Amino acid sequence: MRVLFSCGIVSISKPRCGSTSVRRMLDKLMSEESGDFGINVAGENPPFHPHITAPYLMKVMQERGLLDQSLKYFIVIRNPINMLASYYKFFQPDENFRYNYDPDWGGRIGIGFDEWVANGRVGMNEKWKELAPNFISTENLSTLSLEAHAMSSDSRTVVDNIFLIEESESIVNWVGEKTGESVVMPQVNKSEEMEVPKIGNEALDCVRKMMPLESALYNL
């Protein structure tokens, strides 16, 4: 997450969607004098968080007198199957759907990808969840969706721009236009270039239900 008052833009980061590349691009534009700020790791500056949702960020900023209506919010997304495959590979769910950041994690991946997509679950900060659409549930993977990060409880999209990570030139052009600066988005890793893994029909149906907007944008 990055808030650049100096440039009039806010970056909302969704897990496994190129957020490190976006963050490093924006870091070069940040100005301490203007009050710009960003969060890199959980617990750095509560209640802010690297993957804080747009509705909750707006709420916190309003409570602190920081909300500026002229700020333009954007978020970068990724093919949801690719994103889920990256999350699965990186965080390694065990047979009890615990991840390698959980102290009780089983020590290895303990469930197949399709079964995890169909039956897995990922938690969410309750205060974030209160402001998200009502179909978002911690009993499945919908907490990783675009809707969970960029839509309000009445299902309004509250970010101004949604960019596909596969179209990085559009992101660079938009940021450059808004800031008046020549920017480059570094490719920190190759994860966004992963080949879309094969996925069964049951798991694919689950993705469409949990992540309807992304599924439509990627024509799943």
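# Reading burial, cores and a cavity in a predicted chain

User: Where is Ile-171 found in the secondary structure?

Analyst: Ile-171 is found in helix 7, which covers residues 168–179; helices here are DSSP runs of H or I with at least four residues, strands are runs of E with at least two, and both are numbered from the N terminus. This is a predicted model, in which local features need pLDDT of at least 70 and side-chain atom pairs count only at pLDDT 80 or more, while totals for chains, interfaces and linings use all residues. Residues are numbered from 1 along each chain as its sequence is written, and side-chain values use heavy atoms, with hydrogens and water left out.

User: Is Ile-171 buried or exposed, and which residues does Ile-171 touch?

Analyst: Buried means under 20% relative accessible area, exposed means over 50%, and partly exposed lies in between, with a 1.4 Å probe and protein chains only. Ile-171 has 0% relative accessibility and therefore counts as buried. With contact taken as heavy atoms within 4.5 Å, Ile-171 touches Met-25, Phe-74, Val-76, Phe-163, Leu-164 and Met-185, not counting residues up to four places away in sequence.

User: How should I read the chain as a whole, and what is its radius of gyration?

Analyst: The radius of gyration is taken over C-alpha atoms, and the globule rule is 2.2 Å times the number of residues to the power 0.38. For 220 residues a compact globule would have a radius of gyration near 17 Å, and the chain, at 17 Å, agrees with this. The chain has 9 helices and 5 strands, and 49% of its 220 residues count as buried. Among the contacts in the chain with a separation of 6 or more, 63% come from residues 24 or more positions apart.

User: How many residues does the largest nonpolar core have?

Analyst: A nonpolar core is a set of buried Ala, Val, Leu, Ile, Met, Phe, Trp, Tyr and Cys residues joined through side-chain atoms within 4.5 Å. The largest has 29 residues, and those with the most contacts inside it are Met-1, Ile-12, Phe-48, Leu-57 and Tyr-73. Strand 2, helix 2, strand 4 and helix 6 are the elements that give two or more residues to this core, and helix 2 gives the most, with 6 residues. A second, separate core of 21 residues includes Leu-84, Tyr-87, Ile-111 and Leu-144.

User: Which residues line the largest cavity?

Analyst: Rolling a probe the size of a water molecule over the atoms shows where empty space is left. On a 1 Å grid over the protein atoms alone, a cavity is a set of points where a 1.4 Å probe fits but cannot get out, and lining residues have an atom within 4 Å of a point. A search of the whole structure finds 1 cavity of 30 Å³ or more, and the largest cavity has a volume of about 40 Å³. Ser-11, Ile-12, Ser-13, Lys-14, Cys-17, Ser-19, Val-22 and Val-76 line the largest cavity, with strand 2 and helix 1 (19–27) each supplying at least two residues of the lining.

Key: On a 1 Å grid over the protein atoms alone, a cavity is a set of points where a 1.4 Å probe fits but cannot get out, and a pocket is an open set with protein on both sides within 12 Å along at least five of seven lines; lining residues have an atom within 4 Å of a point. Grid points are joined across faces, edges and corners, and a volume is the space filled by probe spheres set on the points.
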